[in-house]
Amino acid sequence: MTEWIDPGPLRAVARQAGRTAELLDVLWEQDRNAGPPPYISVSQLRVLYLVDREDGIRMRALTRLLAASPPSVSRLVDRLKALGFVERQPCRDSRREVMLRVTSAGREHLADIRERRDQVLFQALKAMPDHQRAALAEGLAGLQQALTSHPMLHLVAEDTPPWGLPTLGHGPSS
């Protein structure tokens, strides 16, 4: 039997989480512009996060995860490659595909960004009472688990488009 959950309180929590994410977006954008160069766009940073998370990700899978056009993703990767943050490597099992990896310079840049963000969060968390911090930690762990198991954040099989939509044709030219 499925547990019934009142959607009203869930919507309020979702709205609160969304507003918090919006505030964090503003803080991250301010930090990105205040941090040391090189400055990378939010889109480039998103690519760097995904390539770091999925070491050896194929360009095709990255394009699907971002739900973007291949030329747009290729330009983002080109810019990150020019900065020395990402490298392209041929796929072992397909000469037509390319795998992406974050370089040591890219990992260092990400570590710097994450450290600055941690400092901003540390200051905010320090202002909270202990019981709220504990509840937040538990809640965030659950939210992260739920988000990382979301189908849209997983690599999809080659012939399966994201979100489980049926394919329109067969083969690479369709």
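Is Thr 63 buried or exposed?

1. Thr 63 is buried, its relative accessible area being 10%; buried means under 20%, exposed over 50%, and partly exposed in between, with a 1.4 Å probe and protein chains only. The residue sits in helix 3. Leaving aside residues up to four places away in sequence, Thr 63 touches Ala 68, Ser 69, Pro 70 and Val 73, where contact means heavy atoms within 4.5 Å.

2. **Ground rules.** The model is predicted, so to speak of local features takes a pLDDT of at least 70, side-chain atom pairs count only at pLDDT 80 or more, and totals for chains, interfaces and linings use all residues. Numbering starts from 1 along each chain as its sequence is written, and side-chain values use heavy atoms, with hydrogens and water left out.

3. **Overall layout.** The protein has six helices and three strands, which follow one another from the N terminus as α-α-β-α-α-β-β-α-α. Helices (H or I, at least four residues) and strands (E, at least two) are DSSP runs, numbered from the N terminus. Of the 174 residues, 22% count as buried. Among contacts with a separation of 6 or more, 54% are between residues 24 or more positions apart. The protein exposes about 12,200 Å², and 58% of that comes from carbon and sulfur atoms; accessible areas come from the Shrake-Rupley method with a 1.4 Å probe, and for residues only the protein chains shown count as cover.

4. The three strands make an open sheet in the order 1-3-2, with antiparallel pairing; two strands pair if DSSP finds at least two bridges between them. Strand 1 and strand 2 are at the edges with a single partner strand each, so one side of each has no neighbour in the sheet. Five bridges join strand 2 and strand 3 in the antiparallel sense. Have a look at Gln 89, whose bridge partner in strand 3 is Met 99.

5. **Helices against the sheet.** Helix 2 (residues 42-53) lies across strand 1, strand 2 and strand 3, and runs at about 100 degrees to strand 3. Helix 4 (residues 70-82) also packs on the sheet, where it touches strand 2 and strand 3, and its direction makes about 115 degrees with that of strand 2. For these angles, axes are lines fitted to C-alpha atoms, for helices over the stretch in contact, and the values run from 0 to 180 degrees between N-to-C directions.

6. **Salt bridges across the sequence.** The whole structure holds ten salt bridges, each a side-chain nitrogen of Lys or Arg within 4 Å of a carboxyl oxygen of Asp or Glu. One of them joins Arg 58 and Asp 93 at 2.7 Å, N to O. Arg 58 belongs to strand 1 (residues 57-58) and Asp 93 to the loop between strand 2 (86-90) and strand 3 (98-102), 35 residues apart. Arg 58 is partly exposed at 22% relative accessibility, while Asp 93 is exposed at 58%.

7. Arg 60 and Glu 97 form a salt bridge at 3.8 Å, N to O. Arg 60 is in helix 3 (residues 59-66) and Glu 97 in the loop between strand 2 and strand 3, so this pair ties together parts 37 residues apart in sequence. Arg 60 is partly exposed, at 33%, whereas Glu 97 is buried, at 7%.

8. **Other charged groups.** Asp 52, Asp 55, Arg 101, Arg 107 and Arg 114 are linked in a salt-bridge network. Arg 53 pairs with Glu 54, with 3.8 Å between the closest N and O atoms; Arg 53 is partly exposed, at 40% relative accessible area.

9. **A leucine patch.** Leu 121, Leu 125, Leu 136, Leu 140, Leu 143 and Leu 147 form a nonpolar surface patch with about 450 Å² of accessible area together. Helix 5 (104-126) and helix 6 (130-148) are the elements that give two or more residues to the patch, and helix 6 gives the most, with four. Leu 125, in helix 5, is partly exposed at 31%. Patches are made of residues with over 30% relative accessible area and no salt bridge; like charges are joined within 9 Å, nonpolar side chains (Val, Leu, Ile, Met, Phe, Trp, Tyr) within 5 Å.

10. **Backbone details to check.** Pro 37 and Pro 38 are joined by a cis peptide bond, with omega about 5 degrees; Pro 38 is in the loop between helix 1 (7-34) and helix 2. Ala 67, in the loop between helix 3 and helix 4, has a positive phi of about 55 degrees although it is not a glycine.
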